[in-house]
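Colleague: I have a model open and would like to learn how to read it. Could you walk me through a helix and then the place where the chains meet?

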Amino acid sequence: MFVTGRLVALVLCGVVPVLLRPAVTTVWLWVVVFLVATALDVALAGSTKVLHLERRPSAQVRLGETGSTTLLATNTGRRTFRGSLRDAWQPSAGAVGNRHQVVVPGGERRALRTTLTPTRRGDRQADRVTVRRLGPLRVAGRQRSYAVPGHVRALPPFHSRRHLPSRLAQLRQLDGRSAVRVRGQGTEFDSLRDYVEGDDVRSIDWRATARRRSTVVRTWQPEKDRHIVLVLDTSRTSAGRVGDTPRLDAAMDAALLLGALASRAGDRVDLIAGDRRVHRKVVGSSRTTLLSDLVAAMAPLEPALLEADWRLLTSEVTRLSRHRGLVVLLTPLEPAAIEESLLPPLGVLAQRHRVVVASVSDPALGEMRAGRGDARAVYDAAAAERSVALRQRTAAGLGRLGVEVLDADPEHLPVALADHYLLLKSRGLL
Amino acid sequence: MSLTVWDRHEAEAATATDASPGGTPESPQGGRSRRRRLVLVTAVVLVLGLVVAVAVSLARRGGNDAPLDPRNPGANGAQAVARVLEQRGVAVDIARGQAELADTDAIDGSTTVLVSDPRALSEETAAAMWDRVRGARRLVLVEPDRFLLQALDLAVSPAGGGSPTRSLRAGCVLAGLTASDTVTAGGTGYTSPAPGATRCFSFEGSSELVSLPASPGTPEVVVLGSGDLLSNGEVTRYDNAGVSLRLLGQGDRLVWYVPSVLDVSAGDTTPASELPRALGPLALLALFAVLALMLWRGRRFGPLVTEPLPAVVKAVETTQSRGRLYRRARDTGRAGTVLRAAATRRLASWLGLPVGATPEAVAQATAAASGRPLHEVLALLAGPPPADEDAMVALADDLSTLEKEVHRP
């Protein structure tokens, strides 16, 4: 049950009879009047159950952009449904304008649209739909909530996609599609063509030249169909926030840029995300759908307050491919966590694959290191220096295993990772 | 290779639905039973409240707590004055309501009439009372309001305001009063333009007792501004007792009239107060309007939705706690060592020295690069640990300066 502002107005209308007959009994009579009116309205309002609610699936929306959800309200009764409806979502779904005034004649259907601007990545759930049905006097009515499940998937924002065009241009240079062509980039045989002045004499194919009148050179292209495995660590260390976003989100950003770049370069990209268990795997996605597959797989991931089981994750990588490939571990360079659980299985992995550890560093550490002035700031600076020293020691330890370490803040990590990939590609090290 | 996107949540959800196909997201049964329980609890609370209210009203019915009632033994009652008057041979007739006043024996020249609560009189009941007491020796009105004074056509009007002192001297002569009588102050002051009026207990131009002399067809009217002097709680103070007894005991008989609001008929349009009569009912109506407003605005449009909050951990938290540990331990030695090691490492890499270079080697290269004497640089990079916080802060500053000098050739 609920009452409307009209009830207040009705009560205040009692001023007229009270002024005409100023006695307490008049007030009590008026109380009876409006109580009867309210009771009648509630009784005559009719059930809220006649409104059949159904939710259309919502489209995925990139974090920071606006989507919508549509609720279909069908009046299964004969009388007109008059009232309002609230489509409640969890606060981070950013539902705006979710209160609808509804008038549905009997047997008809209305679509109610609510805009959603999610403020957190992942699956944002719909809560209950509350239906209010007004009585004929519109003084009061009935209210009831129904569970109408639904969700909107907020995808990772992929802020670093603005770096994609420039890296793709670099890739095309390697590929020989654009004008600049430097010999030695890539090791895979592409084609034979006539020698033109300026070509490296070392690339002349004497055997082919012998068969023909003119001199023929070999051209090369960067390797294709290499295997890249992105391992996204969702353990406790990735829950740490840099600025206002978790390290996991920054790692996702880097993974997405690398994935997009590598798929354009013709490499196969797989993803494993997990901590003590494997949460998501994207294996064998085609070039055209890779990015959307990656984004959809990453969307619901949340950092768990658990230690990562690197033995499990590396064995998953090993199961994925027996050929040598590039394994990118997106995990923060936390000395204790890495030395205890990552280093032992990493030795084996680094022998089979080329391994890169991409770590999200915190710019706040740099600010703390520069702290001077009073004892407090200097103690903090010493603590920051100690953390940095430990990280460097860990990075050096990883380096001895032949693992490349990229440690950059969230802004620069995607670019650093993409550039490292291009470097490996241009040197034919994949 | 075909695409496989494996999702643990979906996999687990699939097995969960297989296990219990009849599961529904929200059981309506649970909601209904909760609502039934709520209704039950509300009903029990209402019934209990009603029982308590009835019990309290029954318990209070035995007692009399009307102010200045002759049968009220409480501090605000006037049982003491009534009893003492009876003991002194004055017949006290208590007339509650108009009917009892009409039923009393004839009111003659030896009868004093006291109206202890004249605010309960309406225009009609006041007129009836006035007709009944015409033959009395004296009519005492306790704190009458402007409306009653006008209704009875008495040349007295309230002046408002209270006495600045705690007691007042009579300063007048009246039957039953002497000039030196002193009573508790604290009532309404009255003024009277009538020529024959006697004004007693005066302050600042108004008086707490005004007496209008008798004339043919009207009794002597005493307007008493403060009923306190009759009350059980105050009667023993100053000359209150004497003044009360002498004022009321002038005749053989005292008719103590306690007017009842129940005598006021519906057609009696004159309000019993100076405020509009509709004010009380309007206030009650306003209360209901506020209740309706609370119901309107207070009813939530569906339940609150909770947000499953993520773990919020700052990435630098461990480093900050390490800093706090250093500070709590006042470990200037360790902090100094760490800062020196970091500066040495940075200088070594800047100057192109190998990773394992000794501090002495770094100091030599630094001295050469910055142009500072070697012993000074060596003291900075490999000296004794700082003894106190000031030394540590100075060391940190010196190290930064040294690095800047090396960076700026």
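Modeller: Let's start with H3(B), a helix whose buried residues pack against strand S2 (91-96), helix H7 (240-248) and strand S12 (253-258) of chain B. This is a predicted model, where local features need pLDDT of at least 70, side-chain atom pairs count only at pLDDT 80 or more, and totals for chains, interfaces and linings use all residues. Residues are numbered from 1 along each chain as its sequence is written, while chains are lettered from A and ligands numbered from 1 in the order in which they are written.

Colleague: Which residues of helix H3 of chain B are buried?

Modeller: A residue is buried if 20 or more other C-beta atoms, placed from the backbone, lie within 10 Å of its own. Helices are DSSP runs of H or I with at least four residues, and strands are E runs of at least two, numbered from the N terminus. In H3(B), residues 79-87, the buried ones are Val81(B), Ala82(B) and Leu85(B).

Colleague: Why are they on the same side of H3(B)?

Modeller: An α-helix has 3.6 residues a turn, so residues three or four places apart point the same way. Here they cover an arc of only 100 degrees around the axis, which puts them on the same side of H3(B); the arc is that of the directions from the helix axis to the C-beta atoms.

Colleague: And how many residues of chain A are in contact with chain B?

Modeller: Contact means C-beta atoms, placed from the backbone, within 7 Å. By that rule, 72 residues of chain A touch 54 of chain B. Helix H11 (residues 375-400) of chain A gives the largest share of chain A's side, 13 residues.

Conventions:
Two residues are in contact if their C-beta atoms, placed from the backbone, lie within 7 Å. A residue is buried if 20 or more other C-beta atoms lie within 10 Å of its own, exposed if 12 or fewer, and partly exposed in between; C-beta atoms are placed from the backbone.
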